[in-house]
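Dear colleague,

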Amino acid sequence: MPSDILDVPAVPAAPPGEPSRAAPRLVPRRRTGQWAAAVVLLALLALALVSVVRNPAFQWDVVADYFLTPAVLRGLGLTLWLTAVVMVLGFALGTLLAVLRLSGNPVLRGVGRGYVWLFRSTPILVQLLFWFNIGALYPVVLGVKTVDLLSPVAVAVLGLTLHEAAYAAEVVRGGILSVDKGQWEAAQALGLGAGRRLRRIVLPQAMRSIVPPAGNMLIGTLKGTSIVSVIAVNDLLYAVQLTYHRTYQVIPLLLVATLWYVLVTSVLSVGQHYLERHYARGTAGAR
């Protein structure tokens, strides 16, 4: 019986010759407290929205003026490019690390485990600053000065990719382990090599478990690229910072960056939803 319906005791049958008793009326359980809380919450949200819209300190006219400026759009383009490159390279390296961690060779397992441990234990800002100053340790690499070899954008790609790969490795490893062992054995019985078993049998089934956390990582990477502004990479946040350092309109320019992040994140979330539904076909949780 549904939880929102009151339990009603069974009505005994009327004796022969007597009129039958009417069945009791089921009354839905009143949820006064929940409705009161919902009304209070909606009122608070409405007050907050009115405050944001009517507060002149937000300077919404300035936000509209700078929202589509060339500098902001160039920064947004670099942010999207960084996100795409880091995700592709990070998951390529992460898949390799996941395979190493699942290897039967203890040396390969140790290398994979050590990589994941090291890069997950170090803050991403520290990693970026380390790579940015790598020239202090290795001034020349292959006859080329390190400062000429690693531009700020190259440092951002390198640092973010190595950091992302450590988390992608755990996501891929979890997805591979979610595949039933019988699938491995069936593929092996068909005579498929280890590489083909992984590509053709295991990974397509593991995608059901990989896609949700991978989608969350994509959104996290998009927002995490803002940290490259500390090494003067002209991403969305850095472009906004350059503008408000000149105009001193800090709040509206930060709102420009915030609105772009919210917009792009919302689009990615919709794409993640449909991708999850695609790989969840045939399961009870598919919607």
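I begin with a single polar contact (a pair of N or O atoms within 3.5 Å; within protein, one must be able to donate a hydrogen and the other to accept it, and residues adjacent in sequence count only if both atoms are side-chain atoms). A polar atom of the Thr161 side chain lies 2.6 Å from the backbone oxygen of Val157. Thr161 belongs to helix 7, residues 152–177, where helices (H or I, at least four residues) and strands (E, at least two) are DSSP runs numbered from the N terminus. With a relative accessibility of 9%, Thr161 counts as buried; the term buried denotes under 20% relative accessible area, exposed over 50%, and partly exposed the range in between, with a 1.4 Å probe and protein chains only. Leaving aside residues up to four places away in sequence, Thr161 touches Val86, Leu89 and Gly90, a contact being heavy atoms within 4.5 Å.

Before going further, please note that this is a predicted model, in which local features need pLDDT of at least 70 and side-chain atom pairs count only at pLDDT 80 or more, while totals for chains, interfaces and linings use all residues. Residues are numbered from 1 along each chain as its sequence is written, and side-chain values use heavy atoms, with hydrogens and water left out.

As to the overall architecture, the protein chain holds eleven helices and two strands. Read from the N terminus, the order of elements is α-α-α-α-α-β-β-α-α-α-α-α-α. Of the 287 residues in the protein chain, 31% are buried. Where contacts join residues at least 6 apart in sequence, 72% of them link residues at least 24 apart.

Helix 1 covers residues 32–54, and its 23 residues should span 33 Å at 1.5 Å a residue, which agrees with the 33 Å between its end C-alpha atoms; the expected span is 1.5 Å times one less than the number of residues. The number of buried residues in helix 1 is zero, so this helix lies largely in the open.

Two packed helices are described by the angle between their axes and the distance between the axes. Here, axes are lines fitted to C-alpha atoms, for helices over the stretch in contact, and angles run from 0 to 180 degrees between N-to-C directions.

Helix 5 (residues 124–132) packs with helix 7 at an angle of about 140°, the axes being 9 Å apart. Helix 5 is therefore oblique to helix 7; angles under 35 degrees count as roughly parallel, over 145 as roughly antiparallel, 65 to 115 as roughly perpendicular, and the rest as oblique.

Within helix 5, Gln127 counts as buried at 5% relative accessibility. Gln127 touches Phe119, Thr122, Gly159 and His163, again setting aside residues up to four places away in sequence. Its C-alpha atom is separated by 9.0 Å from that of Leu162, 35 residues apart along the chain.

The second pair is helix 3 (residues 70–101) and helix 11, whose axes come within 12 Å and cross at roughly 40°. These two helices are therefore oblique to each other. The contact involves Val72, Leu73, Leu76, Thr79 and Leu80 of helix 3 together with Val256, Trp260, Tyr261 and Val264 of helix 11. This crossing is right-handed.

Thr225, in the loop between helix 9 (194–224) and helix 10 (236–247), counts as buried at 0% relative accessibility. Not counting residues up to four places away in sequence, Thr225 touches Thr79, Leu82, Thr83, Leu160 and Asp235. Thr225 and Ala156 are 69 residues apart in sequence, with 8.3 Å between their C-alpha atoms.

Most residues other than glycine have a negative phi. Ala232, in the loop between helix 9 and helix 10, has a positive phi near 65° and is partly exposed at 42% relative accessibility. Tyr248, in the loop between helix 10 and helix 11 (250–279), also has a positive phi, near 65°, and counts as exposed at 70% relative accessibility.

With kind regards

Notes. Left-handed = near helix turned anticlockwise from the far one by under 90°.
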